[in-house]
Amino acid sequence: MSKKISIQNGKLHVPDHVIIPFIEGDGIGKDISTPAQNIVDAAVEASYGKQRSIEWKEVLAGEKAYKKTGEWLPVETIDAFREHIVGIKGPLTTPVGGGIRSLNVALRQELDLYVCLRPVRWFKGVPSPIRYPSTVDMHIFRENTEDIYAGIEFMTGTPEAEKFKSLLKENFGLDDVRFPDSTSFGIKPVSEEGSKRLVRAAIDYAIKHELPSVTLVHKGNIMKYTEGAFKNWGYEVAEQEFEHQTFTWRQYEKIFGKQGAEIAKEKVKEARKEGKIIIKDVITDAFLQESLLRPYNHSVIATMNLNGDYISDQLAAMVGGIGISPGANINYNSGFAIFEATHGTAPTIAGTGQANPSSLILSAALLLEYMGWNKAAEHIYDALEHTFSKRKVTSDLFALMEGATLLSTKEFAHEVIRNIH
Ligand code: NAI
């Protein structure tokens, strides 16, 4: 009898035979969902025999939900994720009109999934635009609930924009607004609580996965009280809550001044020998360059919503693109987590058998790790790598590889399962 995941004494309790809710997804969601589940089932069986299993429970969202229930995101679906704590989803169409900005955003908000986790690693055989892709092992912690994405925006010419403009004018003046008569406005809320819980989760993750560093990525040189504050709050978390496990880069600036870079390098070496995690910060534009040139210098990246959006796609492109990048939205306090394919519904190839299911497969492997079923996740990583290194790939990667064999979505999944066995 399969059972639900529960939280016991603040920790995730996963029964051996577990129910996992899933949203199939729109467009290519239908093509990749079952193959991904079959691969997970094979990996679980190869790892634990009949001792463990997953019962997949479909819940509705997107077009399928709209056709069956008249709603894009039925309340039963949100309740199911709440009840089962952990779930997985395929890509969803963003409804045009109808009051929902995005189903993904709605789900994240409902469950307060404040971390968007994107691990980025390279699999042997996958084409990459960088010279040493094997040095890429980065884990992005993108803040998921704040920043310019909060949706507080006023279009120029609307009564709201006028109201906001007069509020500004009366209280702060309009000198810094270059063209006040034709300006739209957007608000960027960034809080101490929101920033600290994100950085706390990133440091915890680095400790748990024995990763050497956490980089705070921000534009604090320009946006001092939002992005700059994020950086300072991030350092505060490390210094106040992880004093014995971390070495914060800014300490050396305080102690030695900028001239002390050499001494600081020695201090970092010492700290690493003691097993401490190095907490550093980099300005976003420099980071985008740095991550291409010296990816090995960054393991966990903690950043705000908009930066995280850009960084996620650049880093994904370095190791094969969105077709093979996994993701998860997590609240590390409540335990709620939804694992997801990071690409969209790819409507032009939906139903053609061309879709690459790897993003969803790797997201499912992340889910297994989250449940503590690491052996099954390892089976998936090994089998995928084996398949890629034999150059057996779907059309997106086929176009970039010489001497490759083109497989359909189903054939690719069969090949991965064969490699699991
Ligand atoms: P998209 O990711 O669907 O497609 C971008 C390009 O990548 C297309 O050329 C597509 O064919 C290709 N592609 C994407 N996934 C692929 C895969 N697994 N295998 C092979 N090729 C793949 O992004 P687009 O076109 O901007 O959005 C289409 C729809 O998806 C929109 O309604 C959008 O709102 C939605 N969307 C949903 C997301 C989600 O549910 N997480 C994320 C992004 C977009």
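A pocket here is an open set of grid points with protein on both sides within 12 Å along at least five of seven lines, and its lining residues have an atom within 4 Å of a point. Keep that in mind for the first stop. The model is predicted.

**Stop 1: the largest pocket.** The pocket has a volume of about 1200 Å³.

Stop 2: Colour by element. Strands β2 (11–13), β6 (115–121), β7 (137–143) and β14 (326–330) each give two or more residues to the lining. So do helices α6 (192–208), α12 (358–370) and α13 (374–389). Which element gives the largest share? Select α6: 7 lining residues come from that helix. Now colour the lining by class. Expect 25 nonpolar, 10 polar and 9 charged residues.

**Stop 3: the ligand.** Show the residues around the ligand. There are 18, and Leu-92, Thr-94, Asn-104, Gly-344 and Ala-346 come nearest. By class, this shell holds 8 nonpolar, 7 polar and 3 charged residues.

Stop 4: At Leu-92, a polar backbone atom sits 2.8 Å from an oxygen atom of the ligand. Move to Thr-345: here the distance from a polar backbone atom to a ligand oxygen is 3.0 Å. Next, pick Ala-346, where a backbone N or O atom is 2.8 Å from an oxygen atom of the ligand. Finish with the ligand surface. On its own, the ligand has 810 Å² of accessible area, and the protein covers 63% of it.

Methods
Residues numbered from 1 in each chain as written. Predicted model: local features only at pLDDT ≥ 70, side-chain atom pairs only at ≥ 80, totals over all residues. Heavy atoms only, no water. 1 Å grid on protein atoms, 1.4 Å probe; cavity = no way out; pocket = protein on both sides within 12 Å on 5 of 7 lines; lining within 4 Å. Points joined across faces, edges and corners; volume = space filled by probe spheres on them. Helix = DSSP H or I, 4+ residues; strand = E, 2+ residues; numbered from the N terminus. Nonpolar A, V, L, I, M, F, W, Y, C, P; charged D, E, K, R; others polar. Near = heavy atom within 4 Å. Polar contact = N/O pair within 3.5 Å; in protein donor to acceptor, adjacent residues only side chain to side chain. Areas by Shrake-Rupley, 256 points an atom, 1.4 Å probe, with all protein chains shown as cover.
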